[in-house]
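Me: I have a new model open and want to learn how to read it. Can you take me through it feature by feature?

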Amino acid sequence: MGIRATASAGWQSRPGRRALVAADLSTLRGPVSGIVDLPFRLVWAPPPAGRFDLDDGFDRRRMYEIVLREAVRHDELQTWLNGELLVALWPRLYLPRGLRQAWEAAHPVLVAVAVV
């Protein structure tokens, strides 16, 4: 499947929701540029709140923060995130501590990038 929920109840993407973590970053093949419209299920706000320009640094980071925090299905991670871009953005993403810990535990490359 390539995606798994973390085993620790302490790792949450937000209160009451376990963090969802990709087992393999290479399975994340989402867009890297252009305009993206996230579904209402992820954004929880009327249009155009779910529209992001991936060529804009702020929009790109904001979209990744939302998807990482709100995703509950593996296909959401695969559809909206790109593994290489996630690694590049990781140090600048504002994420809940449990979510960050869950991803870094599964992907040591993110810890190495975060230190740089």
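Reply: Start with burial. A residue counts as buried when its relative accessible area is under 20%, and as exposed when that area is over 50%. This is a predicted model. Of the 116 residues in the protein chain, 43% are buried.

Me: What does the surface consist of, by atom type?

Reply: The accessible surface of the protein chain is about 6,200 Å². Carbon and sulfur atoms hold 57% of that area.

Me: How many helices and strands does the chain have, and in what pattern do they follow each other?

Reply: The protein chain has six helices and six strands. Along the sequence they run β-β-β-β-β-α-β-α-α-α-α-α.

Me: How should I judge confidence in a model like this?

Reply: Where pLDDT is low, the predicted coordinates should not be read in detail. Now this case. The mean pLDDT of the protein chain is 87, and 89% of its residues reach 70 or more. Among its elements, helix α4 (residues 83-89) has the highest mean pLDDT, 97. Strand β1 (residues 3-5) has the lowest, 46. Over residues 3-9 the pLDDT is below 50, though this stretch has 22 contacts in the model beyond near neighbours in sequence.

Me: What share of the contacts joins residues 24 or more positions apart?

Reply: Count the contacts in the protein chain with a separation of 6 or more. Residues 24 or more positions apart account for 57% of them.

Me: Can you show me examples of residues far apart in sequence?

Reply: Take Gln-101, which lies in helix α5 (residues 97-106). Gln-101 and Trp-11 are 90 residues apart along the chain, yet their C-alpha atoms are separated by 7.0 Å. Gln-101 is partly exposed, with a relative accessible area of 36%. Another case is Gly-57, in helix α2. Its C-alpha is 9.3 Å from that of Leu-89, 32 residues apart in sequence. Gly-57 has 23% relative accessibility, so it counts as partly exposed.

Me: How do I read a single helix?

Reply: An α-helix has 3.6 residues a turn, so residues three or four places apart point the same way. Then check length. Helix α2 (residues 57-70) has 14 residues. From first C-alpha to last it reaches 20 Å, close to the 20 Å expected at 1.5 Å a residue. Look at its start too. A side-chain oxygen of Asp-56 comes to within 3.3 Å of the backbone nitrogen of Phe-58.

Me: Why is α2 described as largely enclosed?

Reply: Ten of the 14 residues of α2 are buried, so the rest of the structure largely encloses it. Among the buried ones are Met-63, Ile-66, Val-67 and Leu-68.

Me: How do I read salt bridges?

Reply: Look for a side-chain nitrogen of Lys or Arg within 4 Å of a carboxyl oxygen of Asp or Glu. The whole structure has six. Arg-51 and Asp-37 form one, at 2.8 Å from N to O. This pair links distant parts of the chain: Arg-51 is in strand β6 (residues 51-53), Asp-37 is in strand β5 (residues 35-37), and they are 14 residues apart.

Me: Are the two partners, Arg-51 and Asp-37, buried or partly exposed?

Reply: Arg-51 is partly exposed, at 48% relative accessible area. Asp-37 is partly exposed as well, at 41%. Now look at Arg-69 and Glu-70. Their salt bridge has its closest N and O atoms 3.7 Å apart. Both Arg-69 and Glu-70 are buried.

Me: What surrounds Glu-76?

Reply: Glu-76 is in helix α3 (residues 74-80). It is buried, with a relative accessible area of 5%. Its side chain makes a polar contact with the side chain of Arg-41, at 2.7 Å. Leaving out residues up to four places away in sequence, Glu-76 touches Arg-41, Leu-42, Val-67, Glu-70 and Ala-71.

Terms used
Residues are numbered from 1 along each chain as its sequence is written. This is a predicted model: local features need pLDDT of at least 70, side-chain atom pairs count only at pLDDT 80 or more; totals for chains, interfaces and linings use all residues. Side-chain values use heavy atoms; hydrogens and water are left out. Helices (H or I, at least four residues) and strands (E, at least two) are DSSP runs, numbered from the N terminus. Buried means under 20% relative accessible area, exposed over 50%, partly exposed in between (1.4 Å probe, protein chains only). Contact means heavy atoms within 4.5 Å. Accessible areas come from the Shrake-Rupley method with a 1.4 Å probe; for residues, only the protein chains shown count as cover. pLDDT is the predictor's confidence in each residue, from 0 to 100. The expected span of a helix is 1.5 Å times one less than its number of residues. A polar contact is a pair of N or O atoms within 3.5 Å; within protein, one must be able to donate a hydrogen and the other to accept it, and residues adjacent in sequence count only if both atoms are side-chain atoms.
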